[in-house]
Every structure is written in structure tokens, then in C-alpha cells.
Amino acid sequence: MKRSQVFSMGVLIVAALFFSAAPMAAPAWAAMPEAKIGIVFSMTGGAASYGATQKHGAQLAVDEINAAAGTKGVHIKAYFDDDASTPQQGINVFKKFINSDHVSAIIGPTLSDTAQVTDRIAQAGSVPVLGVSNTAQGITEIGNYVFRDSLTEAVVVPNTIRTAKKKFGISKVSILYGNDGAFTKAGYDAFKKALTDEKITILSEQTFAKGDRDFSPQLTEIKSQSPDAIVVSALVEEASGIVSQARQLGIPASVPIIGGNGFNSPSLIKNAGSAAEGVLIGAAWSSTASNPLNQKFVKDYAAKYGNPPDQFAAQAYAGVYIVYDAIQKAGAPFQPAKIRDALAGIKNLDSVLGKFSFTSGRDADYKPVLQEVKNGKFVVVGE
Ligand code: 1QQ
């Protein structure tokens, strides 16, 4: 080898060393710490009308967070999926999130029926899960990785009954509920306890099954009992049928129907039309709540999707921000256990649900309202 060749090789080696060690201008994506979260709602099946608005609410929050994070802040990579309104599909999705996508946290699923089984998988895998619409008892009790921002029926229903009694002078009611689902049964238990506590007479208790379409036998019986109100625990498909058929069978509008969380979807009003007028519902959120974050959310959601948000959209939107707060506090590499601890520590976080805190049992801690359907809209009529 000639001297000049040795020299130029030396230059090459030095140059290679220099350039590999020198800081290169990093591509924009490399500067962005990214936390993976799994978001699963019922996009198909019986609960799809809840899932549709939940997905919109969550997507809006993810988009806002990623835009605000710029090129340096913590970004979210969201894996959206469909639990098909069934526990089995929920299990498949949770396994995929945990074992293939390696998410740091999960939001969902839509129904308590599904959460009862999926949340055990999250607990066993030590991945935190935040329910944003599960309202049955016994969900957060699954373990210390299970949280929710949705108020339970056990919290909302006593308020519903107390306020309805005060405002509408109700002293005797008939109950109609689904006895084959975690949510509808939890609602029934909560209604029964609240009615007993308020010394309201229960004239009868009737049941139906998921997927039933004809409620005339139960409603005919109820009509003959002349209740002051009908108390119903049902998901929106069945709730819509019950409300429509009650009026068709001649139960007068002066006998209000009082519903639980399943009634909080605008699909009820769409499906039942004018029969939905006067329905009373306990709710965990109101579009008219004056807090500025909420007003901005209502405006931005309507601008993006062309229709107003419902409670399920608001709880999903809040849920993404709650998880994001914990993600930021935990920091990269976004270990699930650290996010869990940060979630447990959340206190008075500004949210569209108001100042948000978890109870020591990882349930949501804020106040419900009573709403009434008036002129095709949910209107707050009492605290
Ligand atoms: C539950 C519910 C449903 C109404 C969620 C959409 O509250 O399953 O717990």
C-alpha cells in the first residue's frame, strides 16, 4: 500500500468516526416520546350507539394532545378496536393490546358485562385499565389496576330517585329491568335500594331479556297498576322500545319513565321520538355545565363531527386526558406500573367532567345530575 493510500484511508476512518459520533439532526419523530394506549369500545353489536360517540370523544382528545405536544412533548399512539358488544371479543382485544401491541394503558370496554371479564386480564397483566362507561358494581374491585371515570349506578340512582320524588311527588312506582346483564341488574339493585330508602312503594317488578322487542305484556300489567312513574333499567335498544310502547299502550305522559345510565344516549330520543319527552334520567355529565373546558369540548366536538357530544363522548374524552396526565407523570418508557401509580394519585384534575379525582377504591368522585328530555334534548332539571 502506498503512503498516499494509507493516508486517505486514515482520513476515511477518522471521518467515519467523526460523523458517527457527531450529533446528527434527528428526524422529527425521534424527538417525540410516544406512549402506546389501547382504546376499545363497542363499534358493532347492541351497544354500538354508545361506542360510536365514545370513539369520537377519545379520538378528539388524542388528536388535540398530539397536536399540542408539538415535536418534543409526549405523544400518544392510540390503537382503536371494537369489542363487538361481547365479552369474548373484549377478551381477544385486551389480549392483543397487552401481548402484541404492548400498550402501557387501556381505555374501555363499553359495557360492564364485558369489563367484568376483560379487566381481569388487565389486572393479571399488570396493565392499568380505565373504564369510561362501566357503571355496575364489582368492576374496580377486580384489582388495583382497574379504574373508571364513569359514576356507578349506585352513586347516580339514589340522587335520581331523591330528586324525582321531590320535584314530581312520586310515591308509588312499577319497575321493569333486564335480569340478564351486569349493568341492568346493577341498575335494578340501585333503584330498589333507593326506592326503599325514600319510602316509595314498589307496585311490581317485571323483567325482560336482552334482545326482547315486545314489552306489551309487562307494560299492560304496569298500566293496570296506575303507578306515579315507571322505573326502568335497560340498555338503549330495549329502553327505546319500552318508552315507545308505554305511550302506544296509553300510559299517559303524566306518568314519567325514570331511566338509568343506559338512557343517556341521544339514540333514545332518535328511536323513541316524541314518546321520549318527559323521560327522567340520572346522568354523570351535562352539555350545559359551565366549566370552560367543557364548553370548549362541546364546541370542538360539534365542529369536528357535525353533531353535539353525549355523556359517553364526554367521559371518553375525559378518560384520554386522565390517562395522559398519568403518562406524563410516569414519563418514558411509560411503564404500566408507574402509570398505575400516577393514576391512583390524580386529584382535582381539570376535566370536562369538572375537577376530577378518584376515590380510594379507584372510582370516579364527582356529582351526578337529573336530566329530563325536553323538546328532543337532555335538559338538567335538578342536582
Ligand atoms: C354499563 C353501562 C352502559 C349503559 C354503558 C354504555 O353503564 O354497561 O355499565
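How many of the residues of strand β8 (residues 229-233) are buried? In this predicted model, five of the five are, so that β8 is mostly covered, where buried means under 20% relative accessible area with a 1.4 Å probe and protein chains only. Residues are numbered from 1 along each chain as its sequence is written. Because the model is predicted, local features need pLDDT of at least 70 and side-chain atom pairs count only at pLDDT 80 or more, while totals for chains, interfaces and linings use all residues.

View 1. Strand β6 (residues 172-178) runs parallel to β8 and is joined to it by five bridges, with V231 of β8 as the bridge partner of I175. Strand β9 (residues 257-259) also pairs with β8 in the parallel sense, over three bridges, and here G259 is the bridge partner of V232.

**View 2. The surroundings of the ligand.** The ligand is surrounded by 13 residues, each having a heavy atom within 4 Å of it, and the closest are S112, S133, T135, F183 and N261. An N or O atom in the side chain of S112 is 2.4 Å from an oxygen atom of the ligand, a backbone N or O atom of T135 lies 2.7 Å from a ligand oxygen atom, and a polar side-chain atom of N261 lies 2.9 Å from an oxygen atom of the ligand.

Conventions. Heavy atoms only, no water. Buried < 20%, exposed > 50% of the residue type's maximum accessible area, 1.4 Å probe, protein only. Helix = DSSP H or I, 4+ residues; strand = E, 2+ residues; numbered from the N terminus. Pairing = 2+ DSSP bridges. Polar contact = N/O pair within 3.5 Å; in protein donor to acceptor, adjacent residues only side chain to side chain.
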